[in-house]
Structure formats: structure tokens, C-alpha cells
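This report concerns the structure shown below.

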Amino acid sequence: MTGKLSALQPYAIGALRIVAGLLYFEHGTQKLFGIPIPGPETLGTLPLVSGLLEVIGGALIILGLFTRPVAFVLSGHMAFAYWMAHAPKSVFPVANGGDAAILFCFVFLLLVTTGAGALSIDRLKGR
């Protein structure tokens, strides 16, 4: 049974990559464009850079293009976001709203080590 499940691993990684990329992209569109819900009225430098990383990086992750280096940068972005914006509020991620940042950080770290999985441009190009 595990052999059959192992054969599906590239597709599971690809699905995780696409879903994480879509969610990450949505965080960026909310910050930059107020879609799907209104974002901040004004953006300082850090939120602007964050929104750009989320939109551009999220799109690249969805496509599976340059997945390993992009995921490395985005993992660091989420670690930075957690320690700068969330950790000072509380020790507990559920209380400080940082649980998504932690999860994104480690999903992106996984993609650094596994690559894009199935259904990716990287896989088509043999990267």
C-alpha cells in the first residue's frame, strides 16, 4: 500500500504547492489591491514589499517556476513577518495571529527541499 501512495507523492507536493501559492497570492492581492477584502488604506515600506513578495512569489509558486529559490526567499519572508509582527503580541501563535505565517514558513521550507512536485513548469523544464 505504501508503494502505491509513494507514487502519488509528486502530485501531493504539487497540490500543496498550488494551494499554498494561491493562499499566499491572496494575502498579497488583499494588501496591494483590496481584493478579495479591503486591505490597509495606506502601505508603508514593509507592507508594500510584503505585498509584492506575496503576489509575485505566490504566482511563481502556483506555476511551479523557480520553486526552490522562490520558496527559500518566501520562507525567510514568513519567518521575518512572524518575529516582527506576530511574536511581540504573545508567545502563543494562536493568540498572536501568527499561525499562518509559521505554516507558510515551513511549507515553503518543504518546497525548498522537495522541489515543485508534479504539475509545475520546473518539472517540465527538468529543473
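## Packing of helix H3

In this predicted model, the buried residues of H3 pack against H2, H4 and H6. These buried positions are Ser50, Gly51, Glu54, Val55, Gly57, Gly58 and Ile61. An α-helix has 3.6 residues a turn, so residues three or four places apart point the same way.

The length of H3 agrees with expectation: at 1.5 Å a residue its 19 residues should span 27 Å, and its end C-alpha atoms are 27 Å apart. Just after H3, Gly64 adopts a positive phi of about 70°.

The structure has 1 salt bridge. It joins the side chains of Lys31 and Glu54, at 2.8 Å from N to O. Because Lys31 belongs to helix H2 and Glu54 to helix H3, the pair ties together parts that are 23 residues apart in sequence. Both Lys31 and Glu54 are buried.

## The largest pocket

The largest pocket holds about 430 Å³ of space. Its lining comprises 22 residues, and Lys31, Ser50, Glu54, Met78 and Ala81 are those nearest the centre.

The largest share, 8 residues, is supplied by H4. By class, the lining consists of 13 nonpolar, 7 polar and 2 charged residues.

Notes: Residues are numbered from 1 along each chain as its sequence is written. This is a predicted model: local features need pLDDT of at least 70, side-chain atom pairs count only at pLDDT 80 or more; totals for chains, interfaces and linings use all residues. Side-chain values use heavy atoms; hydrogens and water are left out. On a 1 Å grid over the protein atoms alone, a cavity is a set of points where a 1.4 Å probe fits but cannot get out, and a pocket is an open set with protein on both sides within 12 Å along at least five of seven lines; lining residues have an atom within 4 Å of a point. Grid points are joined across faces, edges and corners, and a volume is the space filled by probe spheres set on the points. Helices (H or I, at least four residues) and strands (E, at least two) are DSSP runs, numbered from the N terminus. Ala, Val, Leu, Ile, Met, Phe, Trp, Tyr, Cys and Pro count as nonpolar, Asp, Glu, Lys and Arg as charged, and the others, Gly among them, as polar. The expected span of a helix is 1.5 Å times one less than its number of residues. Buried means under 20% relative accessible area, exposed over 50%, partly exposed in between (1.4 Å probe, protein chains only). Contact means heavy atoms within 4.5 Å. A salt bridge is a side-chain nitrogen of Lys or Arg within 4 Å of a carboxyl oxygen of Asp or Glu.
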